[in-house]
Amino acid sequence: MSDVPMKSDIEEHKYFATCIWLHALCLLKITDYKYLNTIKCALTSDEVAAYEQDIPGCPEVTPTNFMIDCTHGKDTPYNREAFRVFADDFLDKVNNHGWYTSPTIPERYRKFDIVCGAFKAHFTYIKSCYKEVVVAPSKDPVKVKEDVKARLHKSSRTSRKVWLLKMCLDAMAEHPALRKHLPLVKYVRTQGISSDESEDEARRTISYPHVYPRWHSQQLSALMWEADLAILEFLSITIGKHKKAGMQLQNRPHSAKFNDAAAAPPGLPVNCYDAVWLSSLHPCSKKHLRVREEEYDFAPGCAGGRTANSAGSSVPPGVAGANSNT
């Protein structure tokens, strides 16, 4: 049976996305995103700190006083609360007040997670409008050029992380001791890959030092290091592979640096997260992280062996190898 959506499905999704767009404009009290420069849609660092510390008088997001913070990412406590408020209000207006009924939004779209996810995706578009309408006019041409260069560099790093993840999964699938950890690495995806890079043009080598995400536990970092060694072993097998001319040597040394900006994936077993980092989180952030109390079994596996949670412990979908503390 074909997985291509029917025309009616595409039209229903377009209508739902249009309703999300209209409701965002409604809550922001503007008629078009070109008027973002007429409303407050950014928090100062002091306001962010006050909100995260729940200081009296800190910014509050409600349907009647709705605001999104376009200067920060989707995963800040404030923006996550804004997404929640948006979804609750959207569903209330649809289910209890008869909004957006020509035509009626299908039942499958009238779910909190679906609405929240749709607005979170739409937030990316709002931020792009904010940069165009509010940020760009206030910048000088030199700064704009530097920002474009920085975005291209970030895009290059992201592409490299995607490639490293693919190599990591391929290498682990061929490695008897690491094969059982494939579900964990697939779940973490590129958020588990170390960052940073620097190039030595004189020696024709590229150094990619491990700058581990701050949220990594030592056990998870050690696993990813072992995976990197498996990648080197995997890539050393040249049979049936074509090496491009001019390829530079790559070096992956350890580093004492950490990436504090790296976002942590939610729902992992507790020993995948750094304990000190966890204790430093705001209660709201920790709640959204949905840390599992089970401990993941980082012990090496064996070819064809059973995973540690084969008895059926509760772990994130697709993540095997967790043991209950109880």
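Biologist: What is the accessible surface of the protein chain, and how much of it belongs to carbon and sulfur atoms?

Modeller: Accessible areas follow the Shrake-Rupley method with a 1.4 Å probe, and for residues only the protein chains shown count as cover. Here the accessible surface comes to about 19300 Å², with 57% belonging to carbon and sulfur atoms. This is a predicted model, in which local features need pLDDT of at least 70 and side-chain atom pairs count only at pLDDT 80 or more, whereas totals for chains, interfaces and linings use all residues. Residues are numbered from 1 along each chain as its sequence is written, and side-chain values use heavy atoms, with hydrogens and water left out.

Biologist: How many helices and strands does the protein chain have, and what share of its residues is buried?

Modeller: Helices (H or I, at least four residues) and strands (E, at least two) are DSSP runs, numbered from the N terminus. The protein chain has 9 helices and 7 strands. Buried means under 20% relative accessible area, exposed over 50%, and partly exposed in between (1.4 Å probe, protein chains only). Of the 326 residues, 38% count as buried.

Biologist: Why is helix α3 described as largely enclosed?

Modeller: In α3, 15 of the 20 residues are buried, so the rest of the structure largely encloses this helix. Helix α3 covers residues 77-96 and reaches 28 Å from its first C-alpha to its last, close to the 28 Å expected at 1.5 Å a residue; the expected span is 1.5 Å times one less than the number of residues. After α3 comes Gly 98, with a positive phi near 70°.

Biologist: Which residues of helix α2 are buried, and which are exposed on the face turned away from them?

Modeller: In α2 (residues 45-52), Val 48, Ala 50 and Tyr 51 are buried. They lie on the same side of α2, because they cover an arc of only 165° around the axis, taken from the directions from the helix axis to the C-beta atoms. The face turned away carries the exposed Ser 45 and Asp 46. The cover over the buried residues of α2 includes α3, where contact means heavy atoms within 4.5 Å.
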